[in-house]
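Here's a quick briefing for anyone opening this structure for the first time. Have a look at the sequence and the model, then read on.

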Amino acid sequence: MRKFVLRYLIPRIIQYLTLIFVGITLTYIIPRLAPTNPVEAQVSMMIARGSSLDPDAIEAMRAALTELYGLSGSPVEQYFAFWSRLFRGDLGPSLGNFPTPVSEMIGQALPYTLRLLIPALIISWIFGNFFGALSSYYPENKALNVVEVLGQVVRSIPYYIVAIVLLVVFSYFIPIFPFSGAYPIGTRPDWSSLDFILTYLEHSVLPAATLILVGFGGWFVGMKSLTSNIISEDYVVYAEIVGLKKRNILVQYIMRTAMLPQLTALAMSLGTVFSGALIMEVVFGYPGVGSLAIRAVYSNDYSMIMGITIYSIIGVATAVFLIDLLYPLFDPRVRYQ
Amino acid sequence: MTLLSVRNLRAYYQTEAYGISRTVQAVDGISFDLFPNEIYGVAGESSCGKTTLIKVISGNIKHPLKVLEGSVIYNFNGYQVDMLQISEDELRRNVRWKQISYVMQGSMSVLNPVRKVIKTFEDIVRTHEGITDKKKFLEQTRAHINRLGLPTDVLNAYPHQLSGGMRQRVAIALATVFQPALIIADEPTTALDVVVQRGVLHMIKDIQAMSKNTVLLVTHDMAVHANVTDRMMIMYAGRIAEEAPTESIFNAPLHPYTQHLINSLPMIGEKTTRTSLGGSPPNLANPPGGCRFHPRCPHVMDECRTVVPDLVTVKERHRVACHLFKEDSV
Amino acid sequence: MSTSEKLLDVQHVTVKFHIGGLLGGTFLTAVNDVSFSLESNKPEIFTLAGESGSGKTTLSRVLLRDLEPTAGRVLFEGRDVSTIRKRSEFIEFMKKVQPVFQNPFETFSPLRRVEAYLFDTANNFKMASNDRDAARVVDDALRNVGLSLDEVRQRYPHELSGGQIQRVSVARALISQPRLILADEPVSMVDASLRMEIVNLFRKLRDEKGVSVLYITHDLATAYYISDRIAIMLRGYIVEMGPVEDVLERPAHPYTQLLKESVPEPAPQKRETWARHIELGATEVKEYGRIGCKFAGRCPKVMDICREADPPNVQVGQQMVKCYLYSERGEKAAAEAQP
Amino acid sequence: MIFLSYDSPYDPSKSFVVPWDLPPSWEHPFGTTSRGQDLFWWLTFAVRNSLYVGVVTAIISRVISILVGLTAGYRGGWIDRVLMAISDTFVVLPLLPILILLSFLLRESMNLLNLAIILGLFGWSFDARLIRSQVLSLRERSFTRTAVYSGTNSFWITIHEHLPFVLPIVFATTLNNLLWSMGMEVTLSVLGLSDLSTPTLGTALFWANQHGALVAGVWWWITAPALVTAVLFLGLYLLFTSINEYIDPRTRLRLIGG
C-alpha cells in the first residue's frame, strides 16, 4: 500500500496540481498578452453600448474590472493576488448581470450541463467500446460494418454540424422534438412535478443524442483499431487455440484489456468532450454553461468568460484525476508492482 | 497404429497488397507419421516452414495461409479426425485441448495479463468439461500443478508476477489439464536461460513418460533435440530433408545439410575449427528449382538443379531426400 | 604492471538502478564490483557470460559509455572514459571501441539502405577524404567479412539474410580500425548454419588484425569455441574468471558447474548428466536482494557463512573464484560444521 | 468548389446582389440568403477560407509538435518531463473556454490568419505526445545506437533515423488537426468570435442564426452549409485514411517485400 501511494498516487496528485497550475496560469497570462488595456476597452464598450449606468456605477465597474484583471501592483503581486482570489472562490461579479457573482450563475447552469454530459459520456463510452470491439472481432458482420461507417461519419464531423443536422431533421422537418431550451419558455423549473421532469427529458433528447452519437463514433473507431491489435496478441490467439467460446474470448480476453487504454483515453478526452457539450448547448439553446458562455460573449461579460474558463479547467482536471484514481481497480499490473 | 499421418501437404501463404501478389511456399509436399508414446522433434532454421506446419496440423489455418493439397488425418484411439475437413465447431468441442494441446512459441505472453492464472484454468475446464463443483475444480487444479512440481500459489498470481520460466511451466500445466493425445510444443524454451530451459524440458519429458502420449517438439536448437527427442525430422526450405531416430541423425547423418548442421555445432571441450555453409537459406517466395538445398550443397550434381529429390527410406525408420541416396543404394 | 599497458581496465565497477517512481522505489545493483582487464599488446577474445539478469549487458553499456557507473571506473588506454566530455574526444573513443549488436534486423533502420551506415562511419571518423576513397574503405571492410560493396549496395536490411547483415555490422565496426570490438550476443539470432562464419570472423580479427573482442553471450558453447578467457557473471558479480579451458572444463564455482551441466550437448549418447533433475531458483528479484552469495539459495554446497557475507575472490589454479569453498574462512567453517 | 470560387459571378463581401430568400433552384442551386447572397457561390468562398484556416493551423501545429516531440523524445530527462507536463496540460484542458477567452480579447484584430495562428498554437499537444513516444521507442532500438557509434551527431540521427518513422504519424495527425481546426473555426464563428465579414463555413451558420433562418423558414440557409461541411469533412477523412494506409511504414515495408 505504501508503495502504491508512493509510486502511483503521489505522481498523480503532482500531475493533477500541475495541470491546474499550468491551466490557471495560462488564463492569467492570456489577457496580459492582449494588445489593448482590457479595463478601458471594457468600460468604453459598455458606455458605447449606451448602458444607462450612472457615473458611480461606471467607477465601481472600473474598480471591479481592475481588480478582476488583477492589474494593480507588480506582475508578481498581481499573480499572487489572482491566486488568492481564486482560493477564496471569488471570481468577481458578472458584468452582464452586474453585480450577481459569476460563481452563483455558473452554479445554476452547471447542473444542466452535467446532467446531460455525464450520462451521455458514460453511455457513449460503454456502447462505443462494446460495438467497436465486437466489430473488430467479427469483421464479416454486415450490420456492424454499417455501424462502423456511421461511426466514422459522425466522428469526422464537428459537434456543431451534427447538432444542427439533428435539429433541422427532428424538430424542423419532422417536428417530434422541441426546438430549444431545457423546458418550455415561461415555465419555472419545478423538480417535484412529474410533468416538468417529462418535458425536461423530452427537451434533453436531442442534445443528449448529439453527444452520444459523436462520442459513440469516436469510441467505436478508437476501440476498433485498439482491439484489432489485441486480437493478434499471443494470449488471444492462445485462447482461440485452447478452444474457448468466442463470447468468452471477446469479453474476458479482448474487451477487458482494451478497456484499460480506453479508460486513459476517456480521461484525455474529457476536455474535448466538455468543449463539445458547450457547443451543443448553444445549438439547442440549452440553459447550461455553454449558453452562459455565449450570452457572456454577446454581452461582453469578460468576468463570466474568465470564470467559466477557470471552472472548466478545475472541473476537467478533477475528473481526469478521479479516472486516474479508478484505474488501478481495473489493472492488476498497476496494483501489484 | 499411427496417431497422425500427414500426406503430401502443401500449404502456402498468399498475400496481395496494392496489386503485388506474393506466394510463400512455406510447406511444400510434406509427409510423415506420428506414433503414440514418442517425442518427435522438428528441427530447422528460421522460416523453414516449421511454424506453418504446426499451424496446419493443429487446425489453425487462417488467411493468408492456405492448404493447397494433402491430408492431415488423426486417429485418437479410433476417433478419426480429418483436420482439413472437420468443422470449426467439432474441432473446438472435441479436439482442441482434449486431444491436441499446444505450448506456443513465446508462451511467456499467452496468459491474459489482467487476470489471475487460475482464471485461465477455469476458462479451459469450464469450456470443455463444465464446472459443477467449484471446490472440486480448485482441488483438482491444485493437485495437477503440484504433480508437475509447481507451487500452489502461482494460481493466485497475475502473469506479470511470475518469472519467464514459471510462466512457461504454467503454460505446460495448462496444456496437460486433460491428458491430451498430442502435445505440440513450438519453441517452448527459446528465450529461456539454459538452467531454466533444462527444468522446463525435464518437465515435458516427465509428463510424456507419465502419460505415454505424444509430444511434437519444434525447435531450431539441435542440442535440445539431441537430449529430448526420440525421433526427429530436419526441415529445409519447406521440405523434409531427413527424418530418423535422433541418435541416427546425430551419429550418422546422411543429408549434406544435416551433416553440416551437426558438424558446425560447437561443443565445450572441442576447439577444432568449425565452418559454416556458404550462402543463405532461400527465400520461400522464390525458391530455387530442383533440390532447394542445391545452391549451398558441396555435393551438388546436375540433376539436383532440376529434379526434386523424393524422400526415400534408406534404412529402417530413416528417410532422406537427396539424390545421393536411392531407395536401394544403402 | 602499470595501467598504461592495458587496453581496457575495468576497476570495481558498480551500477545501481533506481526502480520505481520519483519518490519511492528501491535500488537494484545490476553490476556489482566488477574488475577485469585486457592487455594492450596481446589481442584476445574475452567472454562475459551469464544468464539474463546477470548484468552483462549493463556492463557492456558502461564500457560503451552509454551509462555512467555508480562507482568504480573504466580506463581505456589508460584514460578514465568518464572524463570524456567533448564531442571530439568521444569521436576519438568511438573510433577505437566499436559495438556489434544482437539483433541483425534491428542494427540498421529498415527504412534506410545499409550502405548508408557504412559511408557515414567512414566519413564521420575521417577515414576517407572523398567519396571514392570512402567507397574503397567500405569495400575493404566488407571484404574482411567475406562480402563486397557490390553485394550490399542499394540493399535494405530485409533484403539480406541475418548472417549477411551481421557480417555487414561487423564490417561497419571495422571501418574505423578499432582496437576493441564489443559484441553483445552477436550470433544468438543468427541461424545455426550461418552462425559459425560470424564466430570465426572474430577469431580472424584477433589473429590477423590484432583487434581485441569482448564477446558477451549466454552461450557457453560458442564462448568456449572462440574465447581465450571468460568471466562468468551472476546477478551482477563475476563469480568465476580465467582461461576458458580451465573455467569450462573444470568449473570451480558451483554456479558455473550448474551452468555448464545445463548446456545441452548435441550428442544423444551423453544425455545422462543433463537429464539429472535440478531445483529451479527463486525469481530474479529475490536473488538480487539476497545478502551474501547470490547463489546460496540454489547451491548444493551451501554453508551458513554463504548467507552472511559476500564471498571473497580466491585464486584457484588459473581461475579467480568468488566462493567460500576455496577460502580459508570457508574451509574453517566447513570443518566446524563437520561433527 | 475551391476553384469555382475564383470564377464566382458575385463578390462575397457584397450583400443584396440577388433577390433574397429564394429556395434552391437551377439558377441558385443552394438558394439565396436573407442578406441577398447566392448561397452556392458564397459557400465556394467559405470552403476555400475554411480550408485555408485548417491548412495554416495544421502547418503551425505540425512544426511545433514535431519539434517538441523529437526534442522531448530524443533528449529525455528533465527537458522531456517539462515539455510533456506542458503538453499533457494542453491535451486535457478544455480548450474551447480558453479559446473563447482568447478570441474574445482579440476580437478587434481577429482575422483568418490570426485565428489559424491561435489554433495552431493550441493544437499541437496530442500529436507531440504521439511523436515523443514513438521517438522514445526508436531511441532504444539498436539502429539508433548503430548510428551513434557510426559517429553521427544527434541532429542527423534525428533526421535520418527517426524522422522517417515519425512522418507517417505526422501525416495521420494532420488530418485530425485539420478537421479539429476547421471545426473550431465553425464553433468560434458561430459564437460570433471571428471575423464575421469573411465567408467561412462557420460565418455562414452565424449569419443564418442571426437572421433566425429556421424560424423564418429559410431552411436551406442552415442546411446547405451544414451539409457542405459534413461532406467536406467526410471527404477529407476518407482521403486521408486511404493515403495514410498507403504510406504507413508497415505497408511500405510490405511493398518493398519485407
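**Two helices of chain D, and where D meets A**

In α2(D), the residues D:S65, D:I66, D:V68, D:G69, D:L70, D:A72, D:G73 and D:Y74 meet D:D127, D:A128, D:I131, D:R132, D:V135, D:L136 and D:R139 of α6(D); contact here means C-beta atoms, placed from the backbone, within 7 Å. By class, that contact has 9 nonpolar, 3 polar and 3 charged residues. Nonpolar covers Ala, Val, Leu, Ile, Met, Phe, Trp, Tyr, Cys and Pro, charged covers Asp, Glu, Lys and Arg, and the others, Gly among them, are polar.

This is a predicted model: local features need pLDDT of at least 70, side-chain atom pairs count only at pLDDT 80 or more, and totals for chains, interfaces and linings use all residues. Residues are numbered from 1 along each chain as its sequence is written, while chains are lettered from A and ligands numbered from 1 in the order in which they are written.

**Chain D overall**
- Chain D has 11 helices and 0 strands (DSSP runs numbered from the N terminus: H or I, at least four residues, for helices; E, at least two, for strands).
- Of the 258 residues in chain D, 52% are buried, meaning 20 or more other C-beta atoms lie within 10 Å of a residue's own, with C-beta atoms placed from the backbone.

**Where A touches D**
- On this interface, 41 residues of chain A are in contact with 35 residues of chain D.
- α12(A) gives the largest share of chain A's side, 9 residues.
- That side of chain A divides into 32 nonpolar, 9 polar and no charged residues.

How values were computed:
A residue is buried if 20 or more other C-beta atoms lie within 10 Å of its own, exposed if 12 or fewer, and partly exposed in between; C-beta atoms are placed from the backbone.
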